Amino acid sequence: MPDILSIGQVAERTGLSIHTLRFYEREGILHSPVRRGAGGNRVYSEQDIEWLTLCMVLRASDMPLAAIRRYTELVREGAGNEAERLALLRRHREYLITQMANLSECMDLINYKVGVYEDLIDEGAADHSCNREALPADEGPG
């Protein structure tokens, strides 16, 4: 793999659009300033791909851009701020733990509702009218 990649190659490798890559650059999300090639075009390295992959995971986990930007700034500053980096990541981890618990509760309810409707269909009750008496096993909304 070449050490110098065009913006199009980075977009293809990461799945990010060229527009998003330019946006991340403007927002200060990239670990290092984007270098320019002889023709003035942006050029990237494998390290840029690795950093973008981390940023994509953080975004996919719902970390706000401001927090990613702050984390990037801390990494750029180098050694000495590891406690702040750790605190930022711990806060996000707590957020994710809470989100996972909330999603688990949602899944439990959805699984319950799926079971109710599967039972109704298995019992041939799918043709019943939708009054409350016709659906005694379904005590929740909708």
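Helix H4 (residues 65-77) packs against helix H5 at an angle of about 160°, and their axes are 10 Å apart. Helix H5 covers residues 82-122. Helices here are DSSP runs (H or I, at least four residues), strands are runs of E (at least two), and both are numbered from the N terminus. An axis is a line fitted to C-alpha atoms, for helices over the stretch in contact, and angles run from 0 to 180 degrees between N-to-C directions. H4 and H5 are therefore roughly antiparallel. The cut-offs are these: under 35 degrees is roughly parallel, over 145 roughly antiparallel, 65 to 115 roughly perpendicular, and the rest oblique. H4 passes H5 in a left-handed crossing.

This is a predicted model, where local features need pLDDT of at least 70, side-chain atom pairs count only at pLDDT 80 or more, and totals for chains, interfaces and linings use all residues. Residues are numbered from 1 along each chain as its sequence is written, and side-chain values use heavy atoms, with hydrogens and water left out.

Now take another helix pair. Helix H1 (residues 7-14) and helix H3 (residues 46-60) pack at about 45°, with axes 11 Å apart. H1 and H3 are therefore oblique to each other. H1 passes H3 in a right-handed crossing. A crossing is right-handed if the near helix is turned clockwise from the far one by less than a right angle, and left-handed if anticlockwise.

Next comes the sheet. It is open, has 3 strands in the order S1-S3-S2, and its pairing is antiparallel. Strands S1 (5-6) and S2 (35-36) each have a single partner strand, so one side of each is left without a neighbour in the sheet. S1 pairs with S3 (residues 42-44) over 2 bridges; strands pair if DSSP finds at least two bridges between them. Leu5 stands opposite Tyr44 in S3.

What about charges? The structure holds 7 salt bridges. A salt bridge is a side-chain nitrogen of Lys or Arg within 4 Å of a carboxyl oxygen of Asp or Glu. Arg36 forms one with Glu25, the closest N and O atoms being 4.0 Å apart. Arg36 lies in strand S2 and Glu25 in helix H2 (residues 18-26), so the pair ties together parts that are 11 residues apart in sequence.
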